[in-house]
Amino acid sequence: MINTTQVSFFTLTGFFDTGRVTNLCFIVILALYIFIVGSNVLLIVVICVNRSLHEPMYMFLCSLFVNELYGSTGLFPSLLVQILSDVYTVSAPLCFLQVFCVHSYGAVEYLNLAIMSYDRYLAICCPLQYNTHMTSKQIGILIAATWFYSCFAMVVLLSLTSPLQFCGNTISKVYCDTHSVVKLACSDTTVINLYGLLATFSTIFGALLFILYTYMKILLVCFSGSDQTRQKAVSTCTPHLASILNFSFGASFEILQSRFNMKNVPNMLRIFLSLYFLTCQPLFNPVMYGLKMTKIRNICKSLLAGPRKISNLALISSMCVSMLRVPFILP
């Protein structure tokens, strides 16, 4: 029996031999990560610098883009190192750190999308009370509560998981997650499993039910309202709905894969779908909101094509470089 003092690392068996295309895979994934960092940093800078975007909806979007950077940084640096490695191992402390980042990212994403739906509900259904409810203080409280709850829930989960005694150290994935680690335990994990299920489903279904309620209210107002109201609802709610559906697809497969035997699914497809919610969402959100939100799109055009194009690009580049210098999760 292997106890916790002997398990100093975990082996990730989800990887496969890429042979001669190893360097190509590394370059593609690195380019993907650079694009994610660049696009999200660009939109964060645009929202922070332009006072015309200092509105509740854009503040929540800024929090969403920060979360995309957070989630992708919890995965990509480690993934890039593993691709160039012959032994796919990650130290136990960094494995637990990656568990914290991946799961708290998912919780923040759902809760952030929920408060964005609340913002749209107030703007469309209760426009006269909007400024009363959505004050700067209220915005700060909602964003802080989203991050605090997600991080606190993960601190509790890791405090239950880290003292476990393990009978093995092999994880059948390309990154660490709670259920894969807990399955290796020799001791009783009933409390951890119950807490994990409760935290997961209360966060996801709580957020989704709240989103469903707000959109039902929005639809009722749209059917009985003017064309201008319907146009406003479509323009602001379309990217939000698309983001919810996209993330829910990836998160659903990840939950199913963690809880059920998916060995009948081809390995390549399992790897792609397990990485979907950590890669496609950080790509999807900045592109979707950058194209669909008129204010953001116009400011980005003027920022990149204006008379100060070179200095603007230099500012954006320096911001991206500074983000890439943040300490990464490496094995």
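Predicted model: local features only at pLDDT ≥ 70, side-chain atom pairs only at ≥ 80, totals over all residues.
**Pockets, disulfides and aromatic pairs**

The lining of the second largest pocket has 4 nonpolar, 10 polar and 6 charged residues. In total, 20 residues line the second largest pocket, and S172, K183, Q257, K263 and R270 are the closest to its centre. Two or more lining residues come from each of β3 (170-171), α7 (178-182), α9 and α10. Helix α9 gives the largest share, 3 residues.

The largest pocket holds about 530 Å³ of space. Its lining is made up of 19 residues, and those closest to the centre are F16, C25, I29, I271 and L275. By class, the lining of the largest pocket has 16 nonpolar residues, 3 polar residues and no charged ones. At least two lining residues come from each of α1, α3 and α10. Of these residues, 6 come from α10, the largest share.

The disulfides were examined next. A disulfide is a covalent bond between the sulfur atoms of two cysteines. The structure holds 2 of them. One is formed by C95 and C176, with the sulfur atoms 2.1 Å apart. The torsion about this S-S bond is about -120 degrees, so the disulfide is left-handed. The bond links distant parts of the chain. C95 sits in helix α4 (residues 92-125), while C176 lies in the loop between β3 and α7, 81 residues apart. C95 is buried, at 0% relative accessibility. C176 is buried too, with a relative accessible area of 0%.

The other disulfide joins C167 to C186, with an S to S distance of 1.5 Å. Here again distant parts of the chain are linked, with the two cysteines 19 residues apart. C167 is in the loop between α6 (136-161) and β3, and C186 is in the loop between α7 and α8 (190-224). C167 is partly exposed, at 42% relative accessibility. C186 is partly exposed as well, at 27%. With bonded cysteines counted along the chain, the disulfides follow the pattern 1-3, 2-4.

C62 is in no disulfide, and the nearest cysteine sulfur, that of C48, is 4.0 Å away. A disulfide requires sulfur atoms within 2.5 Å. C62 is buried, at 11% relative accessibility. C222 is likewise in no disulfide, and the nearest cysteine sulfur, that of C237, is 7.0 Å away. C222 counts as buried, at 9% relative accessibility.

The aromatic rings complete the picture. A pair of aromatic rings is described by the distance of the centres and the angle of the planes. The count comes to 14 aromatic pairs. One of them, Y33 with F76, is stacked, with 5.3 Å from centre to centre and 15 degrees between the planes. Y33 belongs to helix α1 (residues 22-49) and F76 to helix α3 (residues 76-83), so this pair links distant parts of the chain, 43 residues apart. Y33 is buried, with a relative accessible area of 2%. F76 is buried, with a value of 1%.

The pair of F249 and Y276 has ring centres 5.2 Å apart and planes at 85 degrees, so this pair is edge-to-face. F249 lies in helix α9 (residues 227-259) and Y276 in helix α10 (residues 267-292), 27 residues apart. F249 is partly exposed, with a relative accessible area of 46%, whereas Y276 is buried at 15%. Y105, Y110, F247 and F277 form one aromatic cluster.

Conventions:
Residues numbered from 1 in each chain as written. Heavy atoms only, no water. Phe/Tyr/Trp six-rings, centres within 6.5 Å; stacked < 30°, edge-to-face > 60°. Helix = DSSP H or I, 4+ residues; strand = E, 2+ residues; numbered from the N terminus. Buried < 20%, exposed > 50% of the residue type's maximum accessible area, 1.4 Å probe, protein only. 1 Å grid on protein atoms, 1.4 Å probe; cavity = no way out; pocket = protein on both sides within 12 Å on 5 of 7 lines; lining within 4 Å. Points joined across faces, edges and corners; volume = space filled by probe spheres on them. Nonpolar A, V, L, I, M, F, W, Y, C, P; charged D, E, K, R; others polar.
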